[in-house]
Structures are given as structure tokens and as C-alpha cells.
Amino acid sequence: PSIHLSIYLSIYLMTQMSCRDLFSEAVNDTGSTLVRRMEICVAEAEKRSGKNAVNMQETFTVYLIETRPMDAVAEGRNPAPDSLWRRYSEFELLRNYLLVTYPYIVVPPLPEKRAEFVWHKLSADNMDPDFVERRRIGLENFLLRVASHPVLSNDKILHHFLTEHGWKEVVYETGFQAKADSRIRALSATFRVRNPDKRFMEMKHYSDQLQSHTSQLLRARARVADRLYGVYKVHGNYGRVFSEWSAIEKEMGDGLQSAGHHMDAYAASIDDILEEEEHYADQLKEYLFYAEALRAVCRKHELTQFELEMASQDLISKKQQHEELATGIVRTFSFKGMTNKLFGQEAPEQREARIKLLEELIAEGEDTVKEKTVECEEHVERAWVDMQRFKEQKDKDLREALINYAVMQISMCKKGIQMWSNAKECFLKM
Amino acid sequence: MSVGTPRGLASSGQKPIAEILHPLSAAEEPLSVTVNLGGDKEAGLTNGTPVETSSPASTSSLFNRLQLDDDLEADVRDPYAETTETRDLFVTVSDPKKHVSTMETYITYRVSTKTTRVEFDLPEYCVWRRYQDFDWLRTKLEDSQPTHLIPPLPEKFVMKGVVDRFSEEFVETRMKALDKFLKRIADHPVLSFNPHLNAFLTAKDLNKRQGLALLTKVGESVKYVAGGYKLRARPAEFCAMGEYLDTFNQKLGTIDRIAQRILKEQSEYLTELREYGTVYSSWVGLEDELRRPLEGVAGCVTTCCGALEDLGENMSQDFLPVLREYVLYVESMKNVLRKRDQSQAEYEARLEAAILRKQEDRSPMPVEVEKCQDKVECFNADLKADWERWQSNKRQDFKQLLTGMADKNINHYEKCQAAWESLITLLQDKQTEDKTSETN
């Protein structure tokens, strides 16, 4: 148990430090990000039970968010941190708000809702302490990423989330839920848009690929972990048989018996090794989910571009109608034109009224097109900046993750050598 | 080399047991023997006479000559060697060759002998033998030396279609086992003087009908009437031997099963690991900055796969066969124990019968009964000595086997560790390279 604790502690510190390092280097030409002004951490997790929305008893986990002003820390004062407890669902609410409010930003993902890519031993249960612990780390990582983002870190709702108990009312007041794009609209845009920005299409393709590779990797890794577990555990059987065998031996007995103990230790060592490797899996999962966020930004572009195209199309057709009415020349087929031909033209007053209406609509339409153009261009501009930022971050993070993975493998090899060397010494004493 | 009182080998002499000290009972004493075989009734062996008087080469010059010999290196490390100065029979099995004829295909092995013993006409021999010949030799030894533990041969039958009898690995494994078999016999103070061994090592064409006469003479006393005689009380030490062998056999079986299970698990792990490596490789094409680390990881995984394959091969080629050999050894030892029991039973039965007759007509103890008693006591003495010897060899064998297993595993991890460490160096170099180019 104490070994477990020290491992968690060291990993916690490791992730803390690596997160901090990343965030302190964060590009922030828009001023200092929140994380520089405030120390944030998700310190603890606790089980709670209470009545849910349908008045049924449920058990859930809450996480303690602690914050402290950075300058106090820097000055060496050690004030007690402000703290509040939040559930996973509240983190989800915050993220959804950010997604809607900043559709041009690749919004950092949350740790997974349910345990996926598990290998057999790992509990898929949300209440499992290991799962809760890794989720705690993941939630902290999420907050740190958001708080160090040049745009997101300035959001007032984020601030409320971190410091105010009554944040939910505030976030609902923003009415963000109404602004959310309908899925159907977004999907329709994907299929019908004519001239999306090529770079965004490439980026969307990239996000698909990234998602595919990370999920393949996670699945393969889980299978490997499962098999490796089996290999190590079978060696434990040597421990038992050596012990039994040593009972009938004279000179060989001691050596065999102690070698057997080392075989037991070897078999047991796989548990910690694979637990540590879960953190590598978590890093991959973060980018699996990040790929989703990247795709969302590209989809938003498709949507804004599509809406612009629709608005432009609409404007053109209205202008054409106006021209027809004004000049009397029918260029395109229209029902009105047909009825005019059959039943005679309408009265001049009616025509005038319709021309006037069209002119108003055209004016509106031109405004709409202007708006949509600005919306589209702004989205493209801002999204492109953030996607570049994301790419740099991803390259750096994944590179470090791969290096850390290599470090873990080395550690595993060293342990293996140690165990077998111990056993060898015992064999030599046989 | 100490010159002690002349001692005879109990099993080949007619002396009463009380006068004989078994040469093997003092295991540390080096043996140097001159042998007069061939019709000598008093086949007493004298211990301690320096060899130079009767053999073509003196011990010391033999030693010197052999120092230059490559074979000596291997034998020096041989756990069966008593001490190099006193061994005068060196046997090696090597050079497997395939023979293809219209009737059959088989492998022959070169059996090389170097010796200073007088029973051998020449100091060196080189003959070619196939498995059948080894099998013949073993049968002959079992029949002519029923009181001794005869080392086992590798398994005779292999399922055609399941195992390739001509694959390099199979032949290599079998050859090592045959080599061990001969070495154990050559190092045995009694078995190494067996005429069948001599024939095996020297005859150009092994006439396998040789020794038939010997077989029928000795066979009688050994080919035992089942259900004829019943054993009254087995001496405790032989009971202990039987129990030990039973338990030991069980443990061997368990270890074999565990080793096979490990091989299976490792093989499945290897399959997944290979797949895992290809996922990294396929990702490379998508990235630019991450290309190197991804390729690097894929490369390391491939290296680990290779190392794992080697480990598996080693275990199945070097570890499992030795275990199986010992299972066969245990089986043949249990047979010898049974024969000992039978021999004791016969003696007891005859003794009882003779005592009854003696009470009736006051005739002296018949010679057969005395002969039986001698037989039993010789058997017991031989067996005890061989047992000690076997225990000692077994300890060496398993020490070597298990240490070897540990070494192979250590080696495997070392290979993997080296691969990952060089990746880190590579990536960190690149990192500093990039940093300096950025600041420039």
C-alpha cells in the first residue's frame, strides 16, 4: 500500500511538473493566461451519495478543486487554498459551454466518461479507486490546459467554475444551450458545402486519421498488456513448485526455496508495471479525444461556409426576381411568371408592392451575406491560429509521451534483470 | 593420487562382501585404474598404480597432450568429470550427417574417443553411429549391468508430421543428449569398462548380435519370475529412494508443464507485440515532427520481438529436453529399484527354503543361497554408490539448467533495455539539435 502511494505521488508530481512545464511555455501573446495568475489543482476525490433528479439514491464521486493566487505562492506566503467540490457532470457542462462559445478553438477534452480499452484485469467500474485516481489527474490536466489557453483562460464562466459555488446559474444564464448548432444542420452542411477551405478539409482528414491511429494503438496496447500479464503470472507457479521440491532435497533445498521467492516477486511485479503504463494510455486517450475536438472545429467551418453559400444563393435569386419584376423580362421560369402569362399580368400597384418588398429583402439579404462572410472569415482566421497552436502542442506532448514510454520500458527491463539475477544467485547456491 | 589397499570391484568379483570396499563409496578419491580384462578370473582392480607402467601413454603426458585438445575444454567444465588428471576416457558425439538410401533416411553421428586404457587397442577412435546403435548399447548395458543406473537416451519415437526429425534444432538437441549419455557412461567407474561400450566405441561395423551369449547367461538371474517371490522388508534407504523418485518425478512433470505454459503465453504475447509494432509504423506516414519517435518505438518493439523469439527457442531447445531426460532417468531408476527388490525377494525365499531343509537333514547352506546373498549385497552396494553419484550429478545438472534459464532471461531483458536506451539517446540528441537550430 505504501508503495502504491509513493508511485501515485510521484506520477502526480510528474504530471504536475510536466503540465506546468508545458503551460509555462504556452504562447500567450494575448496577455498572461490564468494559470500564471492562479495555482489550480484537483486535489482529492470523494464518494458521495444523494438523491438524483428522479429522486433515486445514487452514489457518485466529487472532486476537490483548490485554487490559490500565484503571487502569494511566489512571495512565499502559504495561504490556505480556496476550494470547492465538483462532479464530473459539472466539468462536462463547463466543456459544453466552451464548445458552443468558442467554436473556433480546439477545446481540451475531458478524461473518458467510462473506462475503455481495458485489458482484463483492469476494472471497468467507475467506482474503482484506480479509475477514480486517474480521472482526478485527467480532470486536473483539463483545467490546466484550459487555464493556460490564450483565449479560453480569459473566460468568466471558467473563473466562476473554479471559484464560485453558484456557477451553474451563471452558465445557464448565458443561454449557450440555445446557441448550440443542431447536429442535423451540421451534418447536412458537410454533405452540401461547395467551396470549403482546402486547409480545413485536410485538417479534417488528419483528425480522422489521428483518431483512427490512436484508437488502434490503444486497442493493441491493451491486448499486449493482457498477454504480458499472463506471462509474468505463470512464473509464479515456479515459486510454488520450487518450494515443494526443496522439501525433498538436502543441499539443493535452500537455493531452490529462495529462488522460488524471487519467482513470486517477479510474478507480482507486473501489477505495478502495468498500472504505470495506464498513464501512457491516458496520454494517448487525451489525443484520441482531442482529434474529436479538432474535427468539430473543421465541421464548424463547413457549417459557416455552407450558411454563407446559402445566404449568397438566396440573395442572388432575390436579385434576379427583382430584376424580372422591374424589367419585365423573364429569364427564369417562375410560377408567377407562368400565371401572369396565363391569366394576365397583375395590377401595377401589386407589382410595385412586390418590388418594394423584394428590395427590403435584398437589403436584409445583403446584410446577412455581410454577416455570414465576416463570421466565416473570422472563424477561418481564429481557427487556423488555434489549429497551429494545437499542432505544436500535439507534437510536443506526443513526443514526450513516447519518450516516457521508452523510459517505462527501460524500467521494466531493469526490474526483470534484477529479479532474474537474484534468482540466479540462489540457483548458484544450490 | 593416493595408493590405497588394493580393492576389487564387488560386482565383478567373487570375493565375499565383507572384504570389499566399494571404490565408489569414497567419492572424492580420484580413481586411476588399470584393467586386466579378458578371461581373468580374479578380475580385481588395483587402485593407485601409476598408469605409466602398463599403458601406452603416461597420465601426465596424456594430460599434456589433451591440454592442446579442444575437447578437453568442454570436458573440464563437464560436471561429470571427476578430476582431469585421472580421467582416461574421453568421448564426444558430433557432426550429424544425413544418409539417404532407397530404404530409409537417417542421421549418423560421429563418435570420437580418446583414451589411454589398455582395453582399447588404439589411443583414438572415430566411428559413425546412428540412434539405433545407441539404443542397442543401452539395452546391452541394462542387461549386463542390472545393478547399476544406466543413463537415459533421448526419446526414441517422434511423431512423424508433428516433429521434423531432420530439422537442425531436433538433430542438435538429440545430439547433445546422445553426447551426454555417452559421457555419463564413460565417467562411470563400472559401466565405462563394459565390453559393449568398447565395441560401440571402436568397431567399424557394429555387429549387434554380439554379446548374445552374455545376455542369456546374465539374463537368467534378472529375468525374474513375476509373482514368484515376495519381499519381506525393504531396507529403509531403498524405500526412501523410491519415495524420493516418486516425488521428484512429480515435480519434474510440474516444472515441464509450467515451462510449456510459459512458452505458450510468450508466443501469444509475441503475436500481439508484433501487431502493436505495426500500428506505430502505420502512424508514421501521417506525421512529420513525430515521424522519428514513432519509427523509433516501432523499431524497438521489433527488436524486443526478436529477443523474445530467441528466448523461446532457447527454452524449448535447451531447457525442456533436459527435464524430459530426467523423467526418463527416473523411470529407469525405478526399474532398477524394482529389480533390486526382486533380487532380495529371491534371496529371502531361497534362504527360507534352505533353512527348512537344513532343519530336516542338517545339510550345509547351499552355495546358491550364498550366491544369492552376495548378489543382493552387491546390488545394494552398487545401487547405493550409483545413487550418491546420481544425486551429485543431478544437483550439478539442475544448477546448470536453472542458472542457464536465468541467464537467458537476463540476456533477453538486456537486449530490450539496450534498444530502448539507444532510442532515448537518439531522440534527446535530436531535441538538443532542434533547440540549437531554433536559437540560431
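The model is predicted, so local features need pLDDT of at least 70 and side-chain atom pairs count only at pLDDT 80 or more, while totals for chains, interfaces and linings use all residues. Residues are numbered from 1 along each chain as its sequence is written, chains are lettered from A in the order in which they are written, and side-chain values use heavy atoms, with hydrogens and water left out.

**View 1. Chain B has nine helices and five strands.** Helices (H or I, at least four residues) and strands (E, at least two) are DSSP runs, numbered from the N terminus. Starting at that end, the order is β-β-α-α-β-β-β-α-α-α-α-α-α-α. Of the 440 residues in chain B, 47% are buried, meaning under 20% relative accessible area with a 1.4 Å probe, protein chains only.

**View 2. Here 55 residues of chain B meet 54 residues of chain A.** Contact means heavy atoms within 4.5 Å. The two chains bury about 5,400 Å² between them, and carbon and sulfur atoms make up 74% of that; buried area is the accessible area (1.4 Å probe) that two parts lose on being put together, summed over both. On the chain B side, Tyr276(B), Trp283(B) and Tyr413(B) lose the most area to chain A, together 13% of what that side buries.

**View 3. Polar and charged pairs link chain B and chain A.** There are eight salt bridges between the chains, each a side-chain nitrogen of Lys or Arg within 4 Å of a carboxyl oxygen of Asp or Glu. A pair to look for is Glu272(B) with Arg223(A), whose closest N and O atoms are 3.0 Å apart. On the chain B side, helix H7 (236–284), helix H8 (291–361) and helix H9 (367–439) each supply at least two residues that touch chain A. H9(B) gives the most, with 23 residues.

**View 4. Glu142(B) sits in helix H3 (residues 131–144) of chain B.** Is Glu142(B) buried or partly exposed? Glu142(B) is partly exposed because its relative accessible area is 23%, which lies in the range between under 20% (buried) and over 50% (exposed). Leaving aside residues up to four places away in sequence, Glu142(B) touches Ile150(B), Ser332(B) and Lys339(B).

Notes: A polar contact is a pair of N or O atoms within 3.5 Å; within protein, one must be able to donate a hydrogen and the other to accept it, and residues adjacent in sequence count only if both atoms are side-chain atoms.
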